[in-house]
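Open the model in your viewer and keep the selection tool at hand. The tour below goes from one selection to the next and says what is there.

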Amino acid sequence: MLLPTRLISSTHPTLHFSHPTLESFLWNTLIRAHVQARAQPTGPTHSPISIFVRMRFHGVQPDFHTFPFLLQSFASPSLLHLGRSVHAQILRFGLAIDPFVQTSLISMYSSCGNLGYARQVFDEIPQPDLPSWNSIINANFQAGLVDMARNLFAVMPERNVISWSCMINGYVRCGQYKEALALFREMQMLGVNDVRPNEFTMSGVLAACGRLGALEHGKWAHAYIDKCEMPVDVVLGTALIDMYAKCGSVEKARWVFSNLGPNKDVMAWSAMISGLAMHGLAEECVGLFSKMINQGVRPNAVTFLALFCACVHGGLVSEGKDYLRRMTEDYSIIPTIQHYGCMVDLYGRAGLIKEAWNVVKSMPMEPDVLVWGALLSGSRMHGDIETCELALKKLIELEPTNSGAYVLLSNVYAKRGRWEDVRHVRDLMETMGIKKVPGCSLIEVGGVLHEFFVGDDSHPETRQIHMMLEEILERLKVEGYVGNTKEVLLDLDEEGKELALSLHSEKLALAYGFLKTSPGTPIRIVKNLRICRDCHVAIKMISKVFDREIIVRDCNRFHHFTQGLCSCRDYW
């Protein structure tokens, strides 16, 4: 087989034929090549461990380069037993004291989902080097132990850019986006000359901005990249596309994508397709995918997931079916549960509940929470109560503490006026200690993020916010707005229901936006839950009456409100 010339530097001592372990160098190169090639769709059939077994069969003794290469091939819990067997070989050959081997062992155990073994390896190192510290911090983040990772970061004797990048990306991976941005600010304030952010640091920062919908923060990060003269390669370019799309600026995402030039890889194309999909630009997604194929870029599973999302938001049922066929027949990509979940969602939203059921029944794996949730959403939208209740039952079986499932079941009963059943479900939630996830909306004003919860009165300017909201709603009522009290699934009188509607988190965030921005300024809001129908109608009217562009990102997609219309065309 042909080995990539970039595997090892031409100045490396093992390339000298006088090297005493020339045989081990050749085997190590084979192992490394197989580890790297197995990540590719057309990778070799031989596993790296089989190469190692042949190496030993030929009597070649491994050295301190062998095992770091080999350990990279064990990256799932199912391979833990093989990783432990290799660890035993490391001990047998007396290579456990090598720092590179120690770091590789920590990474292997972490990738295999066993933090206990990773920590044991770390604790047995008399004086851990910097890569070992970075590796154990990353292992704690992979296990979701954010506080432990932060404590280790606080006591490590020295830090490099990898340490800071590991922390920032770890926070992002664990959903602590504000903490990621705060740590980046801390990194800058320290002003350590030897520790400057690199492209991986900035990718984490951009990801945090995107998840928060913090466009001003994201623009600042982009300006910082330019100021530091970091080359916007495919890694940073993809991160920028994703950030701008998630922050509601699809124009800037297109601009970054275009500026990447002709050498865009599949991830850049997929990021752009995904960004367009979340904004409901389904036809543009389809066109971009065709352009990608024409330019010889082979799509992957992520590309098709983005395409399916575009079809879901655009109601493109026949196109979605065709992409599923092409995915398997033309590109030999095996659909994952996420792809099947999108197909269930596609059929369900279109009212094709029978077809959605057929997908659920024919899937080669057991449906998960997201699949049942997609079926539930479609059946609830189209009034199929029987399917709705069955999907809810399956959801609760899989996740007995899933608050969303209980809330949806309660809402189904409320819409049918079955208030006794509503009270029973909510009593059950209270008994089991299950709490409803409250509606929460974020708005960025002047580079500062403000968070509002449903019925929130904790903001320092609550009085002014409520006065502004009352003024807005009074103006809407003059224009014919009537609150949709059917959206309030509580046993209240009409006046109580109207009050509850007016205090939804997105309305509070919108009022704050009106309070703090000048007329004509676009307002961007990020909400953690699906926007309700009443808020959707109200914001459409607000965009027309006050001549404001309002962009809301809910948990499903973007809604661009202008002149009384929404980009979703009321299909969400």
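Contact here means heavy atoms within 4.5 Å. Helices (H or I, at least four residues) and strands (E, at least two) are DSSP runs, numbered from the N terminus. This is a predicted model, in which local features need pLDDT of at least 70 and side-chain atom pairs count only at pLDDT 80 or more, while totals for chains, interfaces and linings use all residues. Residues are numbered from 1 along each chain as its sequence is written, and side-chain values use heavy atoms, with hydrogens and water left out.

**Stop 1: α5 and α6**

Select residues 99–111, helix α5, and residues 115–123, helix α6. Their axes come within 7 Å and cross at roughly 165°. Axes are lines fitted to C-alpha atoms, for helices over the stretch in contact, and angles run from 0 to 180 degrees between N-to-C directions. The two helices are therefore roughly antiparallel to each other. Angles under 35 degrees count as roughly parallel, over 145 as roughly antiparallel, 65 to 115 as roughly perpendicular and the rest as oblique.

Now show side chains. Gln102, Leu105, Ile106, Tyr109 and Ser110 of α5 meet Tyr117, Ala118, Val121 and Phe122 of α6. Sorted by class, this contact has seven nonpolar, two polar and no charged residues. Ala, Val, Leu, Ile, Met, Phe, Trp, Tyr, Cys and Pro count as nonpolar, Asp, Glu, Lys and Arg as charged, and the others, Gly among them, as polar.

α5 passes α6 in a left-handed crossing. A crossing is left-handed if the near helix is turned anticlockwise from the far one by less than a right angle, and right-handed if clockwise.

**Stop 2: α9 and α11**

Select helix α9, residues 161–173, and then helix α11, residues 199–212. α9 and α11 pack at an angle of about 20°, with their axes 9 Å apart, and are therefore roughly parallel to each other. Their crossing is left-handed. On the α9 side look for Val161, Ser165, Ile168, Asn169 and Val172, which meet Phe200, Thr201, Gly204, Val205, Ala207 and Ala208 in α11. These residues divide into seven nonpolar, four polar and no charged.

**Stop 3**

**Stop 4: the cavities**

How many cavities of 30 Å³ or more does the structure hold? There are two. On a 1 Å grid over the protein atoms alone, a cavity is a set of points where a 1.4 Å probe fits but cannot get out, and lining residues have an atom within 4 Å of a point. Grid points are joined across faces, edges and corners, and a volume is the space filled by probe spheres set on the points.

Select Gly213, Lys246, Cys247, Arg524, Ile525, Val526, Ile551 and Phe558, which line the largest cavity. Its volume is about 40 Å³. Strand β3 (residues 523–527) gives the largest share of this lining, three residues.

Last, select Phe452, Asp456, Asp457, Ser458, His459, Thr462, Ile465, His466 and Leu508, the lining of the second largest cavity. About 30 Å³ of space lies there. Helix α25 (residues 462–478) gives the largest share of this lining, three residues.

Note on methods
On a 1 Å grid over the protein atoms alone, a cavity is a set of points where a 1.4 Å probe fits but cannot get out, and a pocket is an open set with protein on both sides within 12 Å along at least five of seven lines; lining residues have an atom within 4 Å of a point.
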